[in-house]
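This report looks at how the parts of a protein model meet one another. It begins inside one chain and then turns to the boundary between chains.

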Amino acid sequence: MYVAVKGGERAIDAAHEWLAEERRGDATVPELTVPQIREQMALAVNRVMAEGSLYDPDLAALAIKQARGDLIEAIFLIRAYRTTLPRLGHSAPVETTAMRCDRRISATFKDVPGGQVLGPTFDYTHRLLDFALEAEGEAPRARTSEPRREPTPRVTEFLNKDGLIQDEPRSDGTPPDMTREPMEYPAGRPLRLQALTRGDEGFVLGMAYSTQRGYGRNHPFVGELRIGAVEVEMEVPELGFSVCIGELTLTECETVNQFAGSKTEPAQFTRGYGLVFGQTERKAISMALVDRALRWEELGEEYLGAPAQDEEFVLAHSDNIQGTGFLEHIKLPHYVDFQSELELVRKMRAEAMGMASVKEAAE
Amino acid sequence: METPEQEIAARRGWMGLLARAPAQRLAALLESAELPGFDWLRVPETGGVMVRGRMGGTGAPFNLGEMTVTRCALRLASGEVGHAHVQGRNRAHAERAALVDALMQGARADEMQSSVLAPLAAEEAARREGRAAKAAATKVDFFTMVRGE
């Protein structure tokens, strides 16, 4: 059996040249700049940062341009770049209670302190195409009102004060890091949250939706959804104190779910948690629902065999770069593998036919 | 005379402000300043910092994802050491932030305070106030419809 191992270079070079030309598209149409993508395709940029697991809007915008808008390809580029970065350290846990909120809503309490702040949302739009956007116009300006200066209290804290919801006891251990050690199961909640926040939005949404449709139902309310800026602090050993190293936009979702309790413990609401880079609320809500579904064991619930309850199933299939890598590799040359299969099937057929002819002769 | 705690608090304040500042704006504010020579203690290096969150917002930590950060350290001829850890991949930004950090510890502190830090702080406050004002305009004012009056 002969396998060609050379000969593709010229074809590959030509394919990549053509890719570059197609990426540019019609040359009479102005070329997109990276800042244009960063500013005007901001939610795509946010998704690439979240699933690329690297907060850098300029890099994410560049990746989207290079990938011709294929977001999973862009995420792939970011993940590859990420591996080239030396790890300078880790931050102190971000304090989302101190978030400067652009948006903050609660589906459980109408008159929550701090109010229902809608922010720049697609909610309540009519989802009709706006043909005015086809034309270039004046940059729109949002209206303003007297700003709130005090921090926005957490909705779950109100419930927690009365013991109506499970506590989240504060601790300061070092969490496991899936980018440093291979995943092992059972993974535990910190690793699950790390995997979910960088997981594929479509997959996490599908898993969350499956719980709503009855595959491991857990009756979620969105206790609070907030989007805004938080400062990031890091301890710098040379200085001996921590400094603020920057600011991130995050989306946080806390769900309030149906009760846990027992003969000895009174009934309490339980929690699901989502925290994602950027303005990414579909993902954050989905993450909270899946987080809650995966907590069945710790909350003393029954395993119903629902996919969203199966930690290994969820975590092993939530990463779109692992998924697409394994899926897409099957289109690459498998000539040798296939040759051996072809020979096997020929041999099996020959044996079967040989037996048939022996049988015929005997009759 | 400031206590060591006050000195650290002040330094944390300006280092954070410099880290969050738009790189171009910091460059523009330093354009007319005469900047001293220095020796590198650590040349600018871009890397990733793993950002952590807390489960339920208040509980045990977990790893959220990384952010790009550029750090450097330098020493002025007069002996002051400046450090910087700034968001993003801009080496010149880190260098300028470390220079201002060093100058803030010496005789030119007042000059840096008024020509660089004060404008950066005012602009950051205005940016934050601007977003908070837009958010405030989207706050829902519920009213109850009263029937049968």
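## Domains and conventions

Which domains does the domain assignment of chain A give? It gives domain 1 (9–82) and domain 2 (96–120 + 150–168 + 178–318), the bounds coming from an automatic or database domain assignment. The C-alpha centres of these two domains of chain A lie 30 Å apart.

This is a predicted model, in which local features need pLDDT of at least 70 and side-chain atom pairs count only at pLDDT 80 or more, whereas totals for chains, interfaces and linings use all residues. Residues are numbered from 1 along each chain as its sequence is written, chains are lettered from A and ligands numbered from 1 in the order in which they are written, and side-chain values use heavy atoms, with hydrogens and water left out.

## Between the domains of chain A

In chain A, 12 residues of domain 1 are in contact with 16 residues of domain 2, contact meaning heavy atoms within 4.5 Å. The area buried between domain 1 and domain 2 of chain A (accessible area, 1.4 Å probe, that two parts lose on being put together, summed over both) is about 1,100 Å², of which carbon and sulfur atoms give 53%. On the side of domain 1 of chain A, the residues that lose the most area to domain 2 are A:Ala50, A:Glu51 and A:Tyr55, together 46% of what that side buries.

The rule finds one salt bridge across this interface of domain 1 and domain 2 of chain A, a salt bridge being a side-chain nitrogen of Lys or Arg within 4 Å of a carboxyl oxygen of Asp or Glu. A:Arg47 forms a salt bridge with A:Asp200, and their closest N and O atoms are 3.2 Å apart.

## Between chain A and chain B

Contacts here involve 80 residues of chain A and 53 residues of chain B. Chain A and chain B bury about 5,800 Å² between them, 59% of it on carbon and sulfur atoms. A:Leu88, A:Phe241 and A:Ile245 supply 11% of the area that chain A buries against chain B, more than any other three residues.

The count of salt bridges between chain A and chain B is 12. In one salt bridge, the side chains of B:Arg128 and A:Glu231 meet at 3.0 Å, N to O.
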